[in-house]
Amino acid sequence: YPDGDCPAAIALLAVQMLLGLMVEALITGAFVAKIAKPKLRATAIKFSYFATVAQHEGEPCLMFRIANIWQSPLTNVKVAAILYQEYKTLHLLQKNINFRIDHLNSNKCPYLIFPLMFYHSINQYSPLYPLIQGKMPPYYEIVIFLSAEQEGTGEICQKRTSYIPEEIKLNQQFAPVISCTSKGYHKINMDNFDKTIPGFPVLFNTREAKQNDFVVNVNSDHVDTMLFHDSAV
């Protein structure tokens, strides 16, 4: 055992204790950094400040886009959205909104490295159909939830945002952010990420269509029957 007659042993014991404390601090720091890394990774996911409503491929769509600021890509990107509406009864109504990614018929993206556009088709089955009819409640909020996995580690990071009526631009679409250089390289211009330009206008149907059916029987025989629809706005 070290004692006063052996100062070298005391010095060696002190060095051993200091090294042990340093190794323990490094292990604890690495563990904490491992836990906190997905939160830091989520800060690199950017949502567009505005959402837009315009014609896309012949139908009105609600659009927003996201970007991955870091060079390391994200995988298995999933998006979910909920519409919150408050009525005169002060009841909060929640409805699910389905989004698709560009030309993919899914809300999942296997690989995120370029900015992506998300679309929601506004038709008669959409909870946002009153929006293009001018019948939407004065206050509503669309909350977007995004989850993704970090390539290599598989760690899950999550981020969310929301859009209120003042942040949804009608008859507007996003400006292009990806261009091709003369050498064939793709260039991303993040200055246009939140920029909107006039798009194809959405038709506002303030009155529902009135439909009348006419049935014509040929030779008083129900075998040859024709049905005509007469719709007027």
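Predicted model: local features only at pLDDT ≥ 70, side-chain atom pairs only at ≥ 80, totals over all residues.
Visitor: Fine. Leaving aside neighbours within four places in sequence, which residues is Gln-158 in contact with?
Guide: Start with where Gln-158 sits, which is strand β10, residues 156-163. Setting aside anything within four places in sequence, the contacts of Gln-158 are Ala-42, Leu-146 and Ser-147.

Visitor: Does Gln-158 count as buried or exposed?
Guide: The cut-off for exposed is over 50% relative accessible area. Gln-158 comes in at 61%, so the label for this residue is exposed.

Visitor: What separates the C-alpha atoms of Gln-158 and Phe-145?
Guide: Along the chain, Gln-158 and Phe-145 are 13 residues apart.

Visitor: Over to Ser-121. Is that one buried or exposed?
Guide: Ser-121 belongs to strand β8. Buried means under 20% relative accessible area. Ser-121 has 15%, so it counts as buried.

Visitor: Now the largest pocket: which strand gives the largest share of its lining?
Guide: Four strands each put at least two residues into that lining: β2 (51-56), β3 (59-68), β8 (116-121) and β12 (172-174). The largest share is three residues, and the strand supplying them is β8.

Visitor: How many residues of that lining are nonpolar?
Guide: The lining has 14 residues, with Arg-65, Asp-102, Met-117, Tyr-119 and Phe-174 nearest the centre of the pocket. Three of the lining residues are polar and two are charged, while the nonpolar ones number nine.

Visitor: And what is the volume of the largest pocket?
Guide: The idea behind finding it is simple: rolling a probe the size of a water molecule over the atoms shows where empty space is left. For the largest pocket, the volume is about 230 Å³.

Visitor: Zooming out, what share of the chain's residues count as buried?
Guide: The chain has two helices and 17 strands. Its accessible surface is about 15600 Å², with 59% of that belonging to carbon and sulfur atoms. Of the 233 residues, the share counted as buried is 32%.

Visitor: Last one: among contacts between residues at least 6 apart in sequence, what share joins residues at least 24 apart?
Guide: Those pairs use the 4.5 Å heavy-atom cut-off I opened with. The share joining residues at least 24 apart is 61%.

Terms used. Residues numbered from 1 in each chain as written. Heavy atoms only, no water. 1 Å grid on protein atoms, 1.4 Å probe; cavity = no way out; pocket = protein on both sides within 12 Å on 5 of 7 lines; lining within 4 Å. Points joined across faces, edges and corners; volume = space filled by probe spheres on them. Nonpolar A, V, L, I, M, F, W, Y, C, P; charged D, E, K, R; others polar. Buried < 20%, exposed > 50% of the residue type's maximum accessible area, 1.4 Å probe, protein only. Areas by Shrake-Rupley, 256 points an atom, 1.4 Å probe, with all protein chains shown as cover.
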